[in-house]
Amino acid sequence: MAAVGGPTRQARGVSMSVSMSLVQGGAAGAAGPQGAILAAAAPYYQPPAVPQDVQPDRPIGYGAFGVVWAVTDPRDGRRVALKKLPNVFQSLVSSKRVFRELKMLCFFKHDNVLSALDILQPPHLDFFQEIYVITELLQSDLHKIIVSPQHLSADHIKVFLYQILRGLKYLHSARILHRDIKPGNLLVNSNCVLKICDFGLARVEEPDQSKHMTQEVVTQYYRAPEILMGARHYSAAVDVWSVGCIFGELLGRRILFQAQSPVQQLELITELLGTPTLEDMRHACEGARTHMLRRAPKPPSLSALYTLSTHATHEAVHLLCQMLVFDPDKRISVIDALAHPYVDEGRLRYHSCMCKCCYTPSAGMRQYAAEFEPSAPQPFDDLWERKLTSVQQVKEEMHKFIAEQLQTNRVPLCINPQSAAFKSFASFPPEKTREEKKQDFLDFLKKQPPYVLEERKEQIKRMLERF
Ligand SMILES: [Zn+2]
């Protein structure tokens with residue numbers, strides 16, 4: 001049965017629900033098995049009778065790193081999300097990034113983190129160009145909910161924040177930094193269960209402080225001050241900053257720091273937090289520090305957070321202020337945030353009727369899990385990445401990895417070549433020309449603060465020469 005959510009189809013026993021309009025985009029492609037994108041790969045496989053009300057495949061999201069469709073699994077009629085990871089083998093950097101994302105999706109086992117349900121059977125190595133991953137389909141995301149007219153109660157905010165922190169604790173315990181936590185990357189189903197998604201920018205924490213990390217991270221509104229100030233090394237605290245921004249956005253129902261440029265972004269942050277001390281800016285690059293010191297000092301105005309909404313109680317603001325701390329080393333950790341009293345009600349709500357880790361026997365008291373916020377059993381390993389030195393090598397390793405994942409009892413899935421919907425799916429996004437890629441890079445540079453450009457002059461020059 002198609003798992004389409006909406007206000008009328010909530011699981012029994014769940015007392016709170018956010019009614020959500022289904023994802024954007026009109027119906028595309030023909031309905032029915034001929035038009036469907038997915039097919040079972042085994043020739044002898046007889047698909048079950050397809051219900052009459054099967055929904056057409058349709059696009060539900062486009063990101064920088066792929067396109068996602070809502071499709072039907074022909075093996076059981078279940079609605080799932082199909083993500084295409086495009087242009088996988090364009091360069092060593094992009095192929096390693098995709099391999100990392102794929103391995104992460106297969107590694108995750110946590111209710112608040114999106115994971116791979118399946119991978120489509122790849123063609124022979126010689127024809128292996130694209131990768132398709134199947135994940136659970138959730139009907140909405142926090143961005144759509146925040147901008148919708150849907151009422152958000154204090155309980156909604158608490159249960160959302162709890163789940164974000166719960167998922168993030170798991171990721172950080174696996175030593176993974178998400179690096180692009182924003183409302184659009186927090187999927188939500190009709191029962192308010194939330195899952196962190198899009199690991200296109202995620203990577204393993206770099207313990208070596210002298211190693212430089214990329215600045216091409218985190219959507220500007222949710223970007224931590226140390227990144228805005230050109231810090232060359234940053235930690236899991238960047239994700240906590242983003243969560244703080246989202247918490248503020250849930251309370252106020254508008255983006256907390258909505259600036260036009262990174263310099264203005266920093267300006268808005270200092271208007272709220274006050275001018276940072278030199279000590280607070282020790283991770284910043286020299287140019288950014290000078291820029292900040294040239295400006296008239298500003299006093300903090302944190303009491304403004306109380307005006308966000310009536311939900312901005314003393315407890316809420318107390319926690320929010322510990323997330324929105326300029327110095328990443330003084331910012332609260334996810335584990336400490338989970339111990340804050342504001343989170344208690346969200347935890348109670350989640351484990352009394354929404355989670356999969358606790359249960360209620362037919363007659364009796366609710367049986368609670370031993371660990372409410374489980375960590376990953378082991379860190380995510382990225383040593384394999386260092387051994388990969390050519391695109392061909394990544395390709396072979398990835399092909400092998402996918403084959404290993406498919407060794408289950410289930411009939412593997414593949415793309416239905418007759419599908420009309422697939423043609424539009426497969427052609428997106430069109431491969432970029434060298435000129436377009438250069439333009440993208442120039443646009444990226446335009447969005448960087450001048451002091452960061454000044455610091456990276458030589459590096460940028462070398463990168464431009466490559467186009
Ligand atoms: Zn539970």
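Reply: Start with strand S4, residues 79–85. This is a predicted model. In S4, 5 of the 7 residues are buried, so the strand is largely enclosed by the rest of the structure.

Next, look at its partner. S4 pairs with strand S6, residues 131–136. The two run in the antiparallel sense, and 6 bridges join them.

Now step along to lysine 83. This residue also sits in strand S4. Is lysine 83 buried or exposed? Count the C-beta atoms around it: 24 others lie within 10 Å. The cut-off for buried is 20 or more, so lysine 83 counts as buried. The UniProt record, an unreviewed entry, places a "binding site" annotation on Lys83. That annotation may be inferred rather than shown by experiment.

Then turn to the helix. Methionine 104 lies in helix H1, which spans residues 92–107. Methionine 104 has 23 C-beta neighbours inside 10 Å, so this residue is buried too. What does methionine 104 touch, leaving aside its neighbours within four places in sequence? Its contacts are Ile176, Phe199, Ala202 and Phe380. Take Phe199 from that list. Methionine 104 and phenylalanine 199 are 95 residues apart in sequence. In space, their C-alpha atoms are 7.7 Å apart.

Notes:
Residues numbered from 1 in each chain as written. Predicted model: local features only at pLDDT ≥ 70, side-chain atom pairs only at ≥ 80, totals over all residues. Buried ≥ 20, exposed ≤ 12 C-beta atoms within 10 Å, placed from the backbone. Helix = DSSP H or I, 4+ residues; strand = E, 2+ residues; numbered from the N terminus. Pairing = 2+ DSSP bridges. Contact = placed C-beta atoms within 7 Å.
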